[in-house]
Amino acid sequence: MSVRRTSGFTPWLIVVLTALYFVVPLVATAQFSLAEPGGGVSLQAYAAVLRDASFWHSLRFSVLVALAAVLIGLALVVPAAYWAHLRVPRMRPWVELFSILPFVVPPIVLVFGIVRLYGGGVGPMASPLVMLLASYGVIALPYLFRSVDNGLRSMDVPRLTEAALSLGAGWGMVLWRVILPNLRGALLGGSFLVLALIMGEYAIASMLGFNSFGVYMLLTGENAAQQAAALAMIAFGMVWLLIGLLQLLGRGDISANAGAR
Amino acid sequence: MQQGMERVDAVLVPYSGAALRHRFLPLAESAIWFAPFLAFSLAFLVLPAAGLVAGSTEGLHGPTLRYLAQLLQPQYLMAYESSIELSAVTAVLGGIVGVLLSWAVVAGRIPRLFRSTLLTFSGVASNFAGVPLAFAFTSTLGPVGMVTLLLARFGLNLYRDGFTLFGFAGLVLTYLYFQIPLMVLLITPALEHATRWSEAAANLGASTAAYWWHVGLPILRLPLLGAMLLLFGSGFGAYATAYALTSGMINLVPILIGQEMIGNVVYSPALGDALAVGMIVVMAGVFLGLRLVQRGTRA
């Protein structure tokens, strides 16, 4: 069935007006970041940001933590989702439920709850880094579960598994050499979204006292308005890059949820 | 002998090892696969949430509702009101604008290239939130923002006329920057599905209005509701955008919770617990609504 297209003026009006709403802040930010006090254009704000050692430190920290969160999330979700698909379909709704439950607990509440439960104690759980990674792992679950689940649905899990087992593979080998390579596309989609989300995350990192990229942006922006604008453009470029790569891979599901706003 | 038997067995019944283990130890074996995931969720999601509930209902001498009753004090009640209002307003506005935009691109005579651009941009913009978004809007509509200065040149002084980016209206304008694209991403598949029926309706002689009233809206009703609930949740949980924009000077529940804790120190635990439990209760309501909507969509 073909789509009946609405001719006329209204669709264009809507598109132009919303495009204005979305483009104007970007233009304004770019202009603000490039403006020179006496008039004219300069890249000074960008140079100041890129020369700042804390910029690189915080960025590196956030990238590493985001990657760690993705790995933790995958190590938890892949085995559970795989086994549910293969042997215990009854468990699938439970795994799904636990994976989307983070929606009910906003990031600020999550970190508050984790600090309240473990923060006062001793041992590894009371370490801020453990609490940070744990929070980010929880935040990553919905995205990773959705992409892993979609990936598993699109392949014949039992047949692949039986084939591999009958050729003498152990379970570790099945997961590592058979299931994961087939999941690659689906995994990349979810992982990129999580990376984009956690790299600029502010609430959890600041509560736990880390100098993450988000925290660095806020501290810098409070003192230097032009650098704030430059950082906003850089952050926008990074998200654009990650989502662009995701789209290029063509398998991403780019809808988001409560996440780390 | 024993070894030989096993080898024969392995040839005849290729994956008997796994099958045997499965038969005799199904529970133990499944546990290994699910345990890390469930233990992690329990330790870092369920228990912390349960801890908050416990902390907000346990007094020195047994259970108490004293802490939760604190939420009825004007300051906290107003924080919930503004948080809910902000999320509801941005969910409805973002929902309406998002649907219109999605409809314009799906059903209007707009070049195809535009459609994929819109979807990619929506993916970017819905993830462009928090601190950098607040900076972008400050550059635009702050006291010396580009648009503010531009309007001033035409004699419209926003800040003299009572507008401020750092209050409720400013937050609404800023939140819409991620709410509208989120709506576009969530609703475009459903809209495409719905417009496919418009041709059929037209062939049967339905007017555009009749199509929307009898076909389009009934198909879209639940997806629209579900998407708006998600938008509400995304606005309600937002912290960084509001904090960066107002320097924490706005009475919203996430901001209040943030104020209760610096580093590992929590100032007044019972109050923080109560505030957090309030948020979980609201989000749980949204979540249940979503589940009902999803069930309705499937049926």
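Helices (H or I, at least four residues) and strands (E, at least two) are taken as DSSP runs and numbered from the N terminus. On that basis, chain B has 13 helices and four strands, while chain A has 11 helices and zero strands. From the N terminus on, the elements of chain A run α-α-α-α-α-α-α-α-α-α-α.

This is a predicted model, in which local features need pLDDT of at least 70 and side-chain atom pairs count only at pLDDT 80 or more, whereas totals for chains, interfaces and linings use all residues. Residues are numbered from 1 along each chain as its sequence is written, chains are lettered from A and ligands numbered from 1 in the order in which they are written, and side-chain values use heavy atoms, with hydrogens and water left out.

**The two chains**

The C-alpha trace of chain A spans about 75 × 65 × 35 Å along its principal axes. A residue is called buried under 20% relative accessible area, exposed over 50% and partly exposed in between (1.4 Å probe, protein chains only). Of the 261 residues in chain A, 55% are buried; of the 299 residues in chain B, 49% are buried.

Accessible areas come from the Shrake-Rupley method with a 1.4 Å probe; for residues, only the protein chains shown count as cover. Chain A has an accessible surface of about 11,100 Å², and 66% of this belongs to carbon and sulfur atoms. Chain B exposes about 14,300 Å², with carbon and sulfur atoms supplying 70%.

A contact means heavy atoms within 4.5 Å. Among contacts in chain A with a separation of 6 or more, 76% are between residues 24 or more positions apart. In chain B the corresponding share is 71%.

**A helix pair in chain A**

Two packed helices are described by the angle between their axes and the distance between the axes. Axes here are lines fitted to C-alpha atoms, for helices over the stretch in contact, and angles run from 0 to 180 degrees between N-to-C directions. Helix H8 (residues 171-199) of chain A and helix H11 (residues 225-249) of chain A have axes that come within 9 Å and cross at roughly 175°. H8(A) and H11(A) are therefore roughly antiparallel, a term used for angles over 145 degrees.

On the H8(A) side, the residues in contact include Leu188(A), Phe192(A) and Met199(A), and those they meet in H11(A) include Met238(A), Leu242(A) and Leu249(A). By class, this contact has 12 nonpolar, one polar and no charged residues. Ala, Val, Leu, Ile, Met, Phe, Trp, Tyr, Cys and Pro count as nonpolar, Asp, Glu, Lys and Arg as charged, and the others, Gly among them, as polar.

**Salt bridges**

A salt bridge is a side-chain nitrogen of Lys or Arg within 4 Å of a carboxyl oxygen of Asp or Glu. The structure holds six over all chains; the table gives three of them.

| Pair | Closest N and O atoms |
|---|---|
| Arg116(A) and Asp273(B) | 2.6 Å |
| Asp156(A) and Arg159(A) | 3.6 Å |
| Arg115(B) and Glu192(B) | 2.3 Å |

Arg116(A) lies in helix H5 (residues 107-119) of chain A and Asp273(B) in helix H13 (residues 269-298) of chain B, so this pair joins two chains. Arg116(A) is partly exposed at 30% relative accessibility, whereas Asp273(B) is buried at 0%.

Asp156(A) is partly exposed at 37%, and Arg159(A) is exposed at 62%.

Arg115(B) is in helix H6 (residues 112-127) of chain B and Glu192(B) in helix H9 (residues 168-203) of chain B, so the pair ties together parts 77 residues apart in sequence. Glu192(B) is partly exposed, with 22% relative accessibility. Elsewhere, salt bridges that share partners join Arg92(A), Glu96(A), Asp149(A) and Arg153(A) into one network.

Technical notes: Angles under 35 degrees count as roughly parallel, over 145 as roughly antiparallel, 65 to 115 as roughly perpendicular and the rest as oblique.
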